[in-house]
Amino acid sequence: MPASLKIAAVFATMNRAETAKTCVLSLARQTRPPDLVIVADNDSTDDTVGTLKSLENLPFQLVVHRMLGNQGNAGGVQVAMDLAFDHGTDAVWILDDDSWPREAALGALLDFPWDPHVVRHPLQIDPKTGKFTWPLQITDDEGGWRLTWSEQELPNIKKIPSRITWTGALLPKEVRQVVGPVNGALFIRGEDEEYPWRIEQAGFRQEAIRDAVMDHPGPRNVVHWRLLGKSFFFERGLVDWKLYYKVRNMVWLKRLQKSDLRAIQMAAVYALAACVIDGPKRIPLLVRAIRDGWTGRLGKMSEN
């Protein structure tokens, strides 16, 4: 294990004092704790900041950074990551406030010769189901990728080539230097696909580490469609603001990644899913999200 590496764990939170506290304490229980933990607080109005600052006898330096207003998960992680690398960190461990690594998780991520060109990550388990929080994409050994839903579907090896990883990603500074910062303008529901895609486009590999595990509650009421050989996931009853960011950011990202046609197809599928699953009342919100994604209007959702 490369003990000389300086590792920082980062996450964003807002008005979830006990959830954020649980995450910090799970990091304190690591068999190999991080050296630094930076929490970006998105201008909480509860006692999140005070609760975290009251924690004592932690095996790492804890920095609670108060954001200037709510900048979402993307904005918070962008700032926390920037601060971490400014502290001379060798790698940043990207978490959510409700992703709680099991005790051996970080040690397992580091229990191999260090490769600064590989982004490693733990398996994310939904405690209620025992399955993956989100389906994990791993290599199919034929030059493609397949979705897996549980540990039982993984090959019996310690390091598994994977892709599109965000929560739990251990990001070396060498990768960050090439890929650049997180796009905070995505706010939420987009950074978890856009940043891993940039990592992949830059030629860096990603690996799931079998013995590294974190508990992370998964979404409820997810509808899974198969369309033209592709998987499409839609969360039934998602609150308006989350649905807005999800659709807006996906339309914007598909234009960037693929083409105008792919963005139109994505918009059409979301519109169809929302109408079929939640009803036509969401059409005005979807029109707004699709328009903003198409024109590249990112940032925080305006109130108009």
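Q: What is the relative accessible area of Asn15?
A: This is a predicted model, in which local features need pLDDT of at least 70 and side-chain atom pairs count only at pLDDT 80 or more, while totals for chains, interfaces and linings use all residues. Residues are numbered from 1 along each chain as its sequence is written, and side-chain values use heavy atoms, with hydrogens and water left out. A residue is buried under 20% relative accessible area, exposed over 50% and partly exposed in between (1.4 Å probe, protein chains only). Asn15 counts as partly exposed because its relative accessible area is 32%.

Q: Which residues does Asn15 touch, not counting residues up to four places away in sequence?
A: Asn15 lies in the loop between strand E1 and helix H1 (17-28); helices (H or I, at least four residues) and strands (E, at least two) are DSSP runs numbered from the N terminus. Contact means heavy atoms within 4.5 Å. With residues up to four places away in sequence set aside, Asn15 touches Ser44, Thr45, Asp46 and Thr48.

Q: How far apart are the end C-alpha atoms of helix H3?
A: The expected span of a helix is 1.5 Å times one less than its number of residues. H3 covers residues 72-86, so its 15 residues should span 21 Å. The model agrees with this expectation, since the end C-alpha atoms are apart by 21 Å.

Q: What covers the buried residues of H3?
A: The buried residues of H3 are Gly72, Asn73, Ala74, Gly75, Gly76, Val77, Ala80, Met81, Ala84 and Phe85. Their cover includes strands E1 (7-13), E2 (36-41), E4 (91-94) and E10 (170-172), together with helices H5 (173-179) and H6 (191-201).

Q: Which elements do the buried residues of H6 pack against?
A: In H6, the buried residues are Glu191, Glu194, Tyr195, Pro196, Trp197, Arg198 and Ile199. These residues pack against H3, strand E6 (118-125), E10, H5, strand E11 (205-215) and H7.

Q: What separates the C-alpha atoms of Pro196 and Ile164?
A: Pro196 lies in helix H6 and counts as buried because its relative accessibility is 1%. Setting aside neighbours within four places in sequence, Pro196 is in contact with Ile164, Thr165, Trp166, Glu191 and Gln206. Although Pro196 and Ile164 are 32 residues apart along the chain, the separation of their C-alpha atoms is 5.0 Å.

Q: What is the phi of Ile164?
A: Most residues other than glycine have a negative phi. Ile164 is found in the loop between strand E9 (159-163) and E10, and it is partly exposed because its relative accessible area is 26%. Its phi is positive, in a residue other than glycine, and lies near 55°.

Q: Where does Arg189 lie?
A: Arg189 is a residue other than glycine with a positive phi, near 55°. Its place in the chain is the loop between H5 and H6.

Q: Which residue follows H6 with a positive phi?
A: Just after H3, Gly88 takes a positive phi of about 80°. After H6 there is likewise a positive phi, near 95°, and the residue is Gly203.

Q: Which residues does Val119 touch, not counting residues up to four places away in sequence?
A: Val119 lies in strand E6 and counts as buried because its relative accessibility is 0%. Outside the four places on either side in sequence, Val119 touches Ala169, Leu170, Leu171, Pro172, Val175, Ile199, Arg205, Gln206 and Glu207.

Q: With which residues is Val118 in contact, leaving aside its neighbours within four places in sequence?
A: Val118 also has its place in strand E6. At 3% relative accessibility, Val118 is therefore classed as buried. Apart from neighbours within four places in sequence, its contacts are Leu170, Pro172, Arg205 and Glu207.

Q: At what angle do helix H7 and helix H9 pack?
A: Axes are lines fitted to C-alpha atoms, for helices over the stretch in contact, and angles run from 0 to 180 degrees between N-to-C directions. The axes of H7 (residues 240-257) and H9 (residues 283-295) are 7 Å apart, and the packing angle is about 35°.

Q: How many disulfides does the count come to?
A: A disulfide is a pair of cysteine sulfur atoms within 2.5 Å. Cys23 is buried because its relative accessibility is 0%, whereas Cys275 is partly exposed because its value is 28%. By the distance rule, the number of disulfides is zero.
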